[in-house]
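Open the structure in your viewer and keep the selection tool at hand. The stops below say what to select next and what is there.

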Amino acid sequence: MAALVPEVLTSTHVEKMNKKKPPKRYWEETDQRRPEEEQGTAVQNQNKATVKERSLKRKDGESLEKKDPFPGEAPIPHKQLQKFQRGEKYKVPAGARRRLKEAIISSEAMSELAQKQAARYDLLLPEDAGFLEGDEDEDTNTISQDDIADAIDITSGSKYFNLHLSQFGPYRLDYGRTGRHLLVGGKKGHVACIDWQSKDLMCEMNVMETVNDVKWLHTEAMFAVAQKRWLYIYDSKGLELHCVKKFNDVLRMQFLPYHFLLATASATGFLQYLDVSVGKEIAAICTKMGRLDVIFGREKNAVYVLAYTTQIMCITMRSAGEPNFDALDTNPFRSSKQRQEWEVKALLEKVQPELIGLDPGQLSKVDQASFEQRHKEHVEALGFDPLAKDKFKPKTKKKGRSSAGAIEKRKRKVAHEDQRDEIRQTVQERTERDKEQKEKSNEKKKLGNKSTLDRFRK
């Protein structure tokens, strides 16, 4: 039994050694792969081919950037451009000089660019103006404020409030330019101003006489009250600042924020303007229309519309808030320091009352009639027309003789010579005219001294 054991062990060891396969070298590998591996290698080969193609294209100079399917700027709707259009394009006059042409072309290009940018940015505004639309065969006059508050969202519905003012009415009201402050005035003397968003009462008083109208001024710090006899100015705390006795029997008021002008229409038919920045009356116009109950002004051109002869209670072009306000002009969330800075800037940029007109575009045009009149007066004063001839352009000289000082000296010398010749010519013409006038006057004198009896003289 002892001799059999080593034979068994040797046989098993040889069998195991025979079962092991020798390792294959890289040159002996066969192409036996799985289908997944074959797919991966195909993709790799394809990528290698594309890399080779790109390298060849780069060598040839071809661009590999992707082409934009929508080249150029995005088109702007025509209606959107018309919204920001400011007048018609200015045409270059015939025979204009090069500098004038360049100035006109550059200004028109800048205005067109500003118009396009404003139209593009208008699409990014977050809010839209609200509207009220009824169902079929439904009259919107029957829709109450409570119905609107129930139908709108929660944030808009939270702005809904109700004031129970039944004792001193009827009332006149006015919202500030920021839309945050509300001013109310009752016919029987009740005046109050509140911050309607926070519901804080700024002031409340009774002036103990009839109140015809109330109006905010350039800021929420001052407001005007048209009382029975005169016009009064109060601050936001209810303290009386001014009593303007020149403005008597005022019925309606309108304020121009860019001109700092308070326009009033009175029962005597007068339209008066008060500059609130200096407290001075600018103009008083007798319209000869009798009692003026309605007045309306446009901020764009500062022209007022008066209504009379027919029964009109009110006229306006704007009854709610602006959803997208200009924070640089009227910011409802500004602090007291920002308000003070805005007030200083507005005073510095105040538009003068002489610039009020029906067409504000006339300010950028040349008054041809007045220019011709001034030119004529200038010619009469000088004795010659300086614009009749072209300006002298001296020739360029070498050896430093065409310096700026030398050119100016030559220009002045030629200009003085031209002036002397023209003055001599005008003096000769005047002397000839004077001689002719003297001869005519002498002949008239001779004829005037003769009588009918002179024919009998020897």
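Select Lys350 and Asp275 to begin: these two form a salt bridge, with their closest N and O atoms 3.1 Å apart. This is a predicted model. Lys350 and Asp275 are both buried. Across the whole structure, a search finds 14 salt bridges.

Next, select Glu281 and Lys246. Their side chains meet in a salt bridge at 4.0 Å, N to O. Glu281 belongs to strand β12 (residues 280-286) and Lys246 to strand β8 (residues 240-248), so this pair ties together parts that are 35 residues apart in sequence. Now look at how open each partner is. Glu281 is partly exposed, with a relative accessible area of 25%, while Lys246 has 58% relative accessibility and counts as exposed.

Move on to helix α4 by selecting residues 98-122. The helix has 25 residues, which at 1.5 Å a residue should span 36 Å; the C-alpha atoms at its ends are 36 Å apart, so the two values agree.

Within the helix, show the side chains of Arg98 and Glu102. They form a salt bridge whose closest N and O atoms are 3.0 Å apart. Because Glu102 and Arg98 are 4 residues apart in helix α4, about one helical turn separates them. Arg98 is exposed at a relative accessible area of 57%, and Glu102 is partly exposed at 43%.

Which residues of α4 are buried? Select Ile104, Gln115, Ala119 and Asp122 to see them. The cover over the buried residues of α4 includes α3 (78-83), which is the next stop.

In helix α3, select Gln80. With 16% relative accessibility, against a cut-off of under 20% for buried, Gln80 counts as buried. Its side chain is joined to that of Asp122 by a polar contact of 2.3 Å. Apart from neighbours within four places in sequence, Gln80 is in contact with Ala119, Asp122 and Leu123.

Leu81 also lies in helix α3. What does Leu81 touch, not counting residues up to four places away in sequence? Display Ile76, Gln115, Lys116 and Ala119 around Leu81 to see these contacts.

The last stop is a sheet. Colour strands β1 to β4, which form an open sheet of 4 strands in the order β1-β2-β3-β4, with antiparallel pairing. β1 (171-175) and β4 (200-206) stand at the edges; each has a single partner strand, so one side of each has no neighbour in the sheet. From one strand to the next, the twist averages 10 degrees.

To follow the pairing, select His181, which stands opposite Asp195 in β3.

Conventions: Residues numbered from 1 in each chain as written. Predicted model: local features only at pLDDT ≥ 70, side-chain atom pairs only at ≥ 80, totals over all residues. Heavy atoms only, no water. Pairing = 2+ DSSP bridges. Helix = DSSP H or I, 4+ residues; strand = E, 2+ residues; numbered from the N terminus. Axes fitted to C-alpha atoms, helices over the stretch in contact; angles between N-to-C directions. Expected span 1.5 Å × (residues − 1). Buried < 20%, exposed > 50% of the residue type's maximum accessible area, 1.4 Å probe, protein only. Contact = heavy atoms within 4.5 Å. Polar contact = N/O pair within 3.5 Å; in protein donor to acceptor, adjacent residues only side chain to side chain.
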